[in-house]
Amino acid sequence: MSETANSRAAELSHLRSRDFASGDPIPLPLTMASIFHTPGVETGVDQYGRYDNPTWRAVEHVLGHLEDAQCVSFPSGMAAISAVFFALLKSGDRVLLPADGYHATRAMAERFLKPLGITTDTRPTQTFLDGGFEGYQLVFVETPSNPRLDICDISAVAKAAHEQGAILVVDNTTMTPFGQRPLDFGADIVVSADTKAVNGHSDVLFGHVAGRNADIIAGVTDWRAMVGGIPGPFEAWLVHRGLETLEVRFDRMCSSAETIAQRLKEHHAVRGLRFPGLDGDPSHNLARAQMERFGFLISFVLDSENKAEDFINNCHLIEAATSFGGVHTSAERRAKRGDAVSPGFVRLSVGCEPVEELWQAIEASLDNLGA
Ligand SMILES: Cc1ncc(COP(=O)(O)O)c(C=O)c1O
């Protein structure tokens, strides 16, 4: 990682101590409270749990430090994405979404934005710039896209979107702020499903919105308080704890993914291998330009649905599970979830296991598939 990313990582665990009074607990206390002591004037203090909570603030402080932005936390990635849409869009607006990103973002727009008179179009990530952005108020990209790992040029999309008066939202779930910082490339808003690598232990759903424009952040914060889609303090506490090890986990996961992708390339059973870190991958050059690391997701195709299921289910170091970014390596045959991919398409999320043991297990499971 770059020097600046390392210095952000080094500071992370000591952010709280800057405001310590003698005797304060070093780890973050969990504040489970819906009401607070508020005699007399109520300004500048916590009053009611739907508006704010000290444990949210702590997690938002850390995320804001990593994003170099203001941050608002949400109970899931979809809650963060929908807060952006519903707080910022109005009837008559047009939105452009990735055709190949997380399916629920498109489904939510189709089911809930369209009836309000907000039009949505879609476009493949790899050719996202083609056609320009005239007539759009909000342009949304997911890069690398889940599950095919295509990439678009964030700076170029931001510039072209801004020329047409649109704002750019980037779903940074697959990279985390340690892998990519879209706001540095001109994006207006980052959304993230912290359910994945940011929390990293597969025990919580969480999300955040980050931005450097105070009006946008105020709008999203107001939406959260009015609608009541707020994170639980305990979930925020767990995510804060996850953040303390994010850099270590992310580093191990990305390094292991680089090793495993190189070896999968040589395996006879594997076709259609995609990993932005591989020389020759269609995403490689852009990945080098805008990502700190190449991520922990790898995708590839096996000969049939049965072979993909057998590979996943018979590998003792792979959990057969949806989602990604956890400490446990996991994989899923994405056609099962309705993604437009072939039946043998596998998305592999590389976890924190020691890489040689992990590779041996993966190789054995591939070898066992037979000819
Ligand atoms: C890229 C991406 N964005 C958003 C989400 C939604 O996150 P959540 O499940 O926390 O609502 C997901 C979930 O898989 C995702 O993969």
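## Ligand site

The model is predicted: local features need pLDDT of at least 70, side-chain atom pairs count only at pLDDT 80 or more, and totals for chains, interfaces and linings use all residues. Residues are numbered from 1 along each chain as its sequence is written, and side-chain values use heavy atoms, with hydrogens and water left out.

## Shell and contacts

Around the ligand stand 14 residues, the closest being Gly77, Met78, Asp171, Thr195 and Lys196 (a heavy atom within 4 Å counts as near). By class, six are nonpolar, five polar and three charged. Helix H3 (residues 77-88) gives the largest share, three residues.

Polar contacts are pairs of N or O atoms within 3.5 Å. A polar side-chain atom of Thr195 is 2.6 Å from a ligand oxygen. For a polar backbone atom of Gly77 the distance to a ligand oxygen is 2.8 Å, and for a side-chain N or O atom of Asn146 it is 2.9 Å. The protein buries 93% of the 390 Å² that the ligand exposes when taken alone (Shrake-Rupley method, 1.4 Å probe).

## Aromatic pairs

The whole structure holds nine aromatic pairs (ring centres within 6.5 Å; planes under 30 degrees apart are stacked, over 60 edge-to-face, the rest tilted). One of them, Phe250 with Phe296, is edge-to-face, at 6.2 Å centre to centre and 85 degrees between the planes. Phe250 belongs to helix H9 (residues 246-265) and Phe296 to the loop between helix H10 (284-290) and strand E9 (297-301), so this pair ties together parts 46 residues apart in sequence. Helices (at least four residues) and strands (at least two) are DSSP runs.

Methods:
A polar contact is a pair of N or O atoms within 3.5 Å; within protein, one must be able to donate a hydrogen and the other to accept it, and residues adjacent in sequence count only if both atoms are side-chain atoms. Ala, Val, Leu, Ile, Met, Phe, Trp, Tyr, Cys and Pro count as nonpolar, Asp, Glu, Lys and Arg as charged, and the others, Gly among them, as polar. Rings of Phe, Tyr and Trp (its six-membered ring) pair if their centres lie within 6.5 Å; planes under 30 degrees apart count as stacked, over 60 as edge-to-face and the rest as tilted.
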